[in-house]
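Subject: Structure handover, with notes

Hi there,

Here is the structure I promised to pass on to you. Please have it open while you read the notes below.

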Amino acid sequence: MASQLHSASAPMYTLAEGAPTKDPASSYSISRPAGRGGLLLLQDTQLIETLAHFARERIPERVVHAKAAGAYGQFEVTHDVSDITSAAFLGAVGTRSPVLARISTVGPERGSADTARDPRGWGIKIYTSEGNQDWVFNNTPVFFIRDPIKFPSLNRTHKRHPQTNIPNSTMFWDFHNNNQEGTHELMHLFSDRGTPASLRHTDAFSGHTYKFTKPDGSFVYVKIHLKTDQGVKNFTNEEATKIAGEDPDHNVRDLFDAIERKDYPTWTAYLQVMKPEEAENYRWNIFDMTKVWPHKDYPLRQFGKLTLDRNPQNYFADIEQAAFSPSTMVPGIEASADPMLQARMFSYPDAARYRLGVNYQQLPTNLPISAVYAPMQRDGFANFRGNYGPDPNYVRSTLRPLNYGPAKASHDEWIGKISEFSSEVTDEDFVQPKGMWDVFARYPDQQENFVHNVAVHLGLAVPEVQQKAIEVFARVDKDLGRRIQEAITKL
C-alpha cells in the first residue's frame, strides 16, 4: 500500500526528529505462524512516539469560551479618530491591519451545541506595527456582574452541578436572584438575542470602558461597538433547540462555509466617546459593566470596518492555541478604572499561561508582526525563539543599551479613598432593564418570546427559587413578573 502512495514529489515521511521512517500504518513485531499476529518491540520508535503523542495531544480546554469558530481578516480605518488617540493602527483613514477573530459560546464545553442560549464571546487580535491589540468583547453590551470576585461563581452556576454533573436551573437562578445587578444582562440573554442564528449576524461590544489617549496626556473614555453589516438574525428557543440536535456545529459551519464561498462577513466599528469631566457626574458609574451609555447621550461615532475573509488552515494551530487578553494594548489605548477590566487583565494571561505554557506569546498565532525584544521574559517551557542568546537578562545594563517606548500618558484624577468595592443593588439597576423590556414591545412577539424563554428555563428550578426570580423580574415591570408566573403554571 505504501508503494502505491509513493510519489517522487511527495515529502519524505520522518520521525519528529527528522529521521526518515517506514510506513506509519504498520508496527514492527516478532511474527507468529499462520499470520496470527506477533509480539511488538519497544525498539519500534515510531509506534511508541505515535501512542505517546496521542495521549498528550489535548491541551487544557478553556474554562470558559471553549466552543468557537475562528477566521482571519483585516481591520480598516474608515474615519479619522486621530483627534482622540495616537494608536498607529488608527492613525490614518485607509490603514489596514491583519486580524484573527475567535467567536465562542461562554459556558458550554468544546463539544457542545453552539446554538445554546448563551452570550457569544469575541476574541479579536489586531496585528499592528506597535504590537498586538486585543479586543475581548461580547455580543451583549452589558454583563452579569460588576465585581470581579463573583466571576468564578457566576461561571460555575452556568455550568454543571457538582453532584449531578448536568446543568441545573435552580443554581443558575439562585445565583442571579441573589446578585440582581445582572438583571439587565438576563434581559439580553433570554430574549432571542441569546440564540443567534449565525455568528455573521451578531454584534460585538467592548462592554468595558477604555481610554483613548494622546502623547500630551489628554484622553477620553470610550466604548467600542461592532455592528454586523449582514443584519442581526436570531433563532427562537425552539429553533435553537432543534438545530442543536440536528447540527450542533451549525454556527461554526455557517461562518466557515460563508468565507469559503467568498461571502465575506463585515462589521462596522463605532465608538461612544465621553470626556473625563463628564464621567464623575454622569447618572451611572461609567465603569459599571452592567450599564450602557444611552446613545442619546453618547451617539455612535464610526471609525472602522472589520472583514473576515480567510479560514484557518489548521484549527488547533491557528484558533485553539490563540490567546486573547484585554491587557494586550498598544500605545494610544489604555485601561480605565473598570474593576472587571482590571481583573480580566490579570486573569486572561494567567489562563493562557496555564493552558498553553509561559511562552504562549511565541506561538505563531499569537506572535506580533512587529519586532519583539523582551529579554526580561525568558526561559521556561517551550521557549523556541532563541531566548535572546547572551543578552543581559537584568534591568539597566550598560552592555546592551535599549530604546524605550512611551510611558502611559493619561492620568485619572478622582476624589476618593480605598474601600471595599460595593455591588449593592438599588432601583437604578432596574431602570435600563425596564427600558429594554419596553424596547421588546416595539417588535412582534419579542415580549412574548422573552416570557416564554424565561419560563421554560426557570420552570425547572425549585419553587422557592422560581418565586424569588419572579419577584426580581417584577422589579423590572410588574406585568413582566405576572406574565412569567402565569407562563410557568401553564408548562
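What follows is a walk through the pocket, the cavities, the salt bridges and a few surface and backbone details.

First, the ground rules. This is a predicted model, in which local features need pLDDT of at least 70 and side-chain atom pairs count only at pLDDT 80 or more, while totals for chains, interfaces and linings use all residues. Residues are numbered from 1 along each chain as its sequence is written, and side-chain values use heavy atoms, with hydrogens and water left out.

**The largest pocket**

The largest pocket holds about 1,400 Å³ of space. (On a 1 Å grid over the protein atoms alone, a pocket is an open set of points with protein on both sides within 12 Å along at least five of seven lines; a cavity is a set of points where a 1.4 Å probe fits but cannot get out; lining residues have an atom within 4 Å of a point. Grid points are joined across faces, edges and corners, and a volume is the space filled by probe spheres set on the points.)

Its lining is made of 49 residues, and those nearest the centre are Glu130, Gly131, Ala371, Val372 and Ala374. Two or more lining residues come from each of β6 (131–138), β12 (333–335) and α10. Helices (H or I, at least four residues) and strands (E, at least two) are DSSP runs, numbered from the N terminus. Sorted by class, the pocket lining has 23 nonpolar, 18 polar and eight charged residues. Here Ala, Val, Leu, Ile, Met, Phe, Trp, Tyr, Cys and Pro count as nonpolar, Asp, Glu, Lys and Arg as charged, and the others, Gly among them, as polar.

**The cavities**

How many cavities of 30 Å³ or more does a search of the whole structure find? There are two. The largest cavity has a volume of about 170 Å³. It is lined by 16 residues, with His65, Val106, Phe143, Phe151 and Asn155 closest to its centre. Both α3 (151–157) and α10 give two or more residues to that lining, which divides into nine nonpolar, five polar and two charged residues.

The second largest cavity has a volume of about 50 Å³. Among the residues that line it are Lys67, Asp114, Arg120 and Asn251. β3 (68–77), β4 (96–105) and α7 (250–260) each give two or more residues to this lining, and β4 gives the most, with three. By class, the lining has five nonpolar, three polar and three charged residues.

**Salt bridges**

Side chains of opposite charge can pair when their charged atoms come close. The structure holds 29 salt bridges, each being a side-chain nitrogen of Lys or Arg within 4 Å of a carboxyl oxygen of Asp or Glu.

One of them joins Asp288 to Arg146, with the closest N and O atoms 3.0 Å apart. Asp288 lies in the loop between α8 (276–279) and β11 (301–310) and Arg146 in the loop between β6 and α3, so this pair ties together parts that are 142 residues apart in sequence. Asp288 also forms a salt bridge with Lys291, at 3.1 Å between the closest N and O atoms. Are these residues buried or exposed? (Buried means under 20% relative accessible area, exposed over 50%, and partly exposed in between, with a 1.4 Å probe and protein chains only.) Asp288 is buried at 8%, Arg146 is buried at 6% and Lys291 is buried at 6%. Together with Asp429, Arg146, Asp288 and Lys291 are linked in a network of salt bridges.

Another salt bridge pairs Arg475 with Asp427 (3.0 Å, N to O). Arg475 sits in helix α13 (residues 463–476) and Asp427 in the loop between α10 and α11, so the pair ties together parts that are 48 residues apart in sequence. Arg475 is partly exposed at 37% relative accessibility, while Asp427 is exposed at 59%.

**The loop between α10 and α11**

Asp379 is found in the loop between α10 (339–356) and α11 (431–440). Its phi is near 65 degrees, a positive value in a residue other than glycine. Asn387 is in the loop between α10 and α11, and its phi, near 60 degrees, is positive in a residue other than glycine.

Best wishes
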